[in-house]
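I'll jot down what I look up as I go.

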Amino acid sequence: MQLCVKGSIIRFFAEDARILRNIFNMGDTEILQRDLENVVKWARCNNMNLQEDKFELLVHKHSPQNTLHHFPFAILGQTYQVSNGSMLFPAKTVKDLGVIVSADLSWSPHVNTIAERARKVAAWVLSAFPASDKQSKP
């Protein structure tokens with residue numbers, strides 16, 4: 001698979017794969033789109049079934065003040081099409097190997113999710129004990 005990805009970086013972990021590319025202009029988006037198509041073609045040629053409905057796109061904006069991301073047409077440079085015809089749009093957060101990664105690289109979404117789970121577990125544990133008042137009788 002690494003041979004079919006010419007202009008981007010591809011990384012693997014278990015059954016997960018990531019295609020990475022710095023996008024500086026529309027030409028870079030075309031290269032990333034071509035690499036995505038090449039991976040899908042490679043998988044089909046090798047009798048592999050990619051779950052394209054689980055593809056996710058996360059866009060990190062290194063220095064948004066120097067880009068055209070605030071214009072309405074900018075989303076066109078941040079969308080990619082998969083072979084079934086559906087479009088990949090940028091997500092605000094993506095869960096990757098158990099860690100919630102946000103587009104702005106903030107830890108807040110991950111920490112908030114973990115804190116909410118901890119609150120639920122604590123509420124469940126505390127609900128298992130009967131309420132005790134300070135003046136309980138022996």
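Which residues of α1 are buried? I looked that up before anything else. The buried ones are Asp28, Thr29, Leu32, Gln33, Asp35, Leu36, Val39, Val40 and Ala43. They lie on the same side of α1, because they cover an arc of only 160° around the axis. For the cut-offs, buried is under 20% relative accessible area, exposed is over 50%, and partly exposed lies in between, with a 1.4 Å probe and protein chains only.

**Ground rules**

Residues are numbered from 1 along each chain as its sequence is written, and side-chain values use heavy atoms, leaving out hydrogens and water.

**Overall layout**

I find two helices and eight strands in the protein. Starting at the N terminus, the order is β-β-α-β-β-β-β-β-β-α. These are DSSP runs numbered from the N terminus: helices are H or I with at least four residues, strands are E with at least two. Of the 138 residues, 20% count as buried. The accessible surface is about 10,900 Å², and carbon and sulfur atoms hold 58% of that. That area comes from the Shrake-Rupley method with a 1.4 Å probe; for residues, only the protein chains shown count as cover. I also checked contacts, meaning heavy atoms within 4.5 Å. Among those with a separation of 6 or more, 45% join residues 24 or more positions apart.

**Back to α1**

Helix α1 covers residues 26-45, which is 20 residues. From first C-alpha to last, α1 reaches 29 Å, close to the 28 Å expected at 1.5 Å a residue. The expected span is 1.5 Å times one less than the number of residues. What do the buried residues of α1 pack against? I see β1 (9-13), β2 (16-20), β4 (80-81) and β5 (87-88). On the other side of α1, Glu30, Lys41, Arg44 and Cys45 are exposed.

Val5 sits in the segment before β1. Val5 is buried, at 8% relative accessible area. Ignoring neighbours within four places in sequence, Val5 touches Ile10, Asp35 and Val39.

Glu52 is in the loop between α1 and β3 (57-58). Buried or exposed? Glu52 is buried, with a relative accessible area of 10%. Beyond its neighbours within four places, Glu52 is in contact with Val40, Arg44, Val82, Ser83 and Asn84.

Cys4 is in none, and the nearest cysteine sulfur, that of Cys45, is 9.4 Å away. That is too far for a bond. Cys4 counts as buried at 16% relative accessibility, whereas Cys45 is exposed at 66%.

Asn47 has a positive phi of about 55° although it is not a glycine. Asn47 follows α1 and lies in the loop between α1 and β3. Asn47 is exposed, at 74% relative accessible area. Leu105 also isn't a glycine, and its phi is positive at about 60°. I found Leu105 in the loop between β8 (99-102) and α2, and it counts as exposed at 57%.

Last, I checked pLDDT, the predictor's confidence in each residue, from 0 to 100. The mean is 80, and 81% of residues reach 70 or more. Helix α2 (residues 108-127) has the highest confidence, at 93, and β4 the lowest, at a mean of 80. Over residues 71-76 pLDDT stays under 50, and the model has four contacts there beyond four places in sequence. A note to myself: where pLDDT is low, the predicted coordinates should not be read in detail.

Terms used
Arc of directions from axis to C-beta. Disulfide = S-S within 2.5 Å.
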